[in-house]
Amino acid sequence: MSFAARIARPFASRVLSQRLPVSAGRVTPPSCFPAGNIRSFSRSSLWQEKKYTESHEWIELADDGTAKIGITNYAAKSLGDVVYVELPPAGLEVTAGETVGAVESVKSASDVLCPVSGKVIEGNAALEDNAKIINQSPEDAGWIAKIEVNDKTELEDLMDEATYLETVGEHDH
């Protein structure tokens with residue numbers, strides 16, 4: 001057996017036999033893996049990382065080239081209780097920065113700007129009957145529109161989650 005194999009076997013069995021602690025629903029890697037060097041296998045592409053805008057929208061690209069758009073947790077908290085959501089019509093052509101909908105709360109109303117250019121496939125019909133979904137799950141079930149993205153390179157100009165959270169004065173949760 002080679003020197004590398006003799007070293008690797010005990011190391012691998014030690015790492016694999018450790019129970020990984022769970023914190024806030026996330027598995028904490030053992031200390032032998034430096035932070036940030038663990039690759040998630042649930043995403044097949046760099047483009048599928050959720051991206052954020054300075055105007056508090058998020059976008060998440062799917063494998064089929066469509067993307068969901070919504071407002072961030074920070075925006076939902078800032079708006080307060082959402083009472084109405086204006087959804088875009090299917091087939092609407094939008095360019096990056098154009099209004100793709102609106103969210104009204106007891107405090108104020110805010111336009112939702114499209115982070116990238118594309119064509120609206122559908123609005124989230126569940127929000128028509130229950131706008132509070134945005135307060136409960138703004139970055140998941142509370143998505144506002146699904147679009148067909150024209151140019152995926154436009155995503156390069158958007159922020160990752162850590163950068164966005166820094167800009168709003170929040171830290172990674």
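Modeller: Contact means heavy atoms within 4.5 Å. In this predicted model, residues 24 or more positions apart account for 57% of the contacts with a separation of 6 or more.

Colleague: Why is tyrosine 52 called buried?

Modeller: Buried means under 20% relative accessible area. Tyrosine 52 has 3% relative accessibility, so it counts as buried.

Colleague: What about tyrosine 164, buried or exposed?

Modeller: Tyrosine 164 has a relative accessible area of 2%, so it is buried by that cut-off. In the chain, buried residues make up 35% of the 173 residues.

Colleague: What makes tyrosine 52 and tyrosine 164 an aromatic pair, and why is the pair called stacked?

Modeller: Ring centres must lie within 6.5 Å, and planes under 30 degrees apart count as stacked. Here the centres are 5.0 Å apart and the planes make 15°, so the pair is stacked. The structure holds 1 aromatic pair.

Colleague: Which elements does the pair link?

Modeller: Tyrosine 52 is in strand β3 and tyrosine 164 in helix α5, 112 residues apart.

Colleague: How do you know that lysine 50 lies over the face of tryptophan 58?

Modeller: NZ of Lys must be within 6 Å of the ring centre and within 35 degrees of the ring normal. Lysine 50 is at 4.5 Å from the ring centre and lies over the face. Lysine 146 lies over tryptophan 143 likewise, at 5.8 Å.

Colleague: What makes β6 and β8 paired strands?

Modeller: Pairing takes at least two bridges. β6 and β8 have 4 bridges in the antiparallel sense, so they pair. Valine 85 has valine 103 in β8 as its bridge partner.

Key. Residues numbered from 1 in each chain as written. Predicted model: local features only at pLDDT ≥ 70, side-chain atom pairs only at ≥ 80, totals over all residues. Heavy atoms only, no water. Helix = DSSP H or I, 4+ residues; strand = E, 2+ residues; numbered from the N terminus. Buried < 20%, exposed > 50% of the residue type's maximum accessible area, 1.4 Å probe, protein only. Phe/Tyr/Trp six-rings, centres within 6.5 Å; stacked < 30°, edge-to-face > 60°.
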